[in-house]
Amino acid sequence: MFTVAAPEQMNETFVRAFNTRRLDNLLALYEADATLCVDGMSSHTGTAQIAAVLGDFLQMPGTLTGRNAFCLRHGDVALLRADWTLTGPDGTTTLAGSSAEIVRRQADGTWLYIVDHAVGASLERVG
């Protein structure tokens, strides 16, 4: 099972879970009513909607890598930013971005996503 004991571990755990290619491993990282945005515009809330989006993401061939850029913790919540890359089987970059995420400590001490904006830190500046 994929669990996160400290918010700083969330992004590396997401990468490991993605690379197993098992949807249940990814879903284990989200609260039941979490919100996910992958395109910068539309959001998906709740396990069923998140499962559909992540299921599509898992269909993309390649290996995910990522690096935590920062983790700002305030009590039971933390704001994260990570830089990630999906590298195709031929070694070329298929997708890349920088995420903005909010995680919350659960009653058992583990951390789960409540907001995951996969490209939130990659968006163009508002002009």
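## Basis

The model is predicted: local features need pLDDT of at least 70, side-chain atom pairs count only at pLDDT 80 or more, and totals for chains, interfaces and linings use all residues. Residues are numbered from 1 along each chain as its sequence is written, and side-chain values use heavy atoms, with hydrogens and water left out.

## Helix H3

Helices (H or I, at least four residues) and strands (E, at least two) are DSSP runs, numbered from the N terminus. H3 covers residues 47–58, which is 12 residues. The expected span of a helix is 1.5 Å times one less than its number of residues. For H3 that gives 16 Å, and its end C-alpha atoms are 16 Å apart, so the two agree.

Buried means under 20% relative accessible area, exposed over 50%, partly exposed in between (1.4 Å probe, protein chains only). In H3, the buried residues are Ile 50, Ala 51, Val 53, Leu 54, Gly 55, Phe 57 and Leu 58.

## Aromatic pairs

Rings of Phe, Tyr and Trp (its six-membered ring) pair if their centres lie within 6.5 Å; planes under 30 degrees apart count as stacked, over 60 as edge-to-face and the rest as tilted. The count is 4 aromatic pairs. Phe 14 and Tyr 113 are edge-to-face, because their ring centres are 6.2 Å apart and their planes stand at 80°. Phe 14 sits in helix H1 (residues 10–19) and Tyr 113 in strand E6 (residues 111–117), 99 residues apart. Phe 14 is buried at 10% relative accessibility. Tyr 113 is buried at 1%.

Tyr 30 and Tyr 113 form a tilted pair, 4.8 Å centre to centre with 35° between the planes. Tyr 30 lies in strand E1 (residues 30–37) and Tyr 113 in strand E6, so this pair ties together parts 83 residues apart in sequence. Tyr 30 is buried at 7% relative accessibility. Ring pairs link Phe 14, Tyr 30 and Tyr 113 into a cluster.
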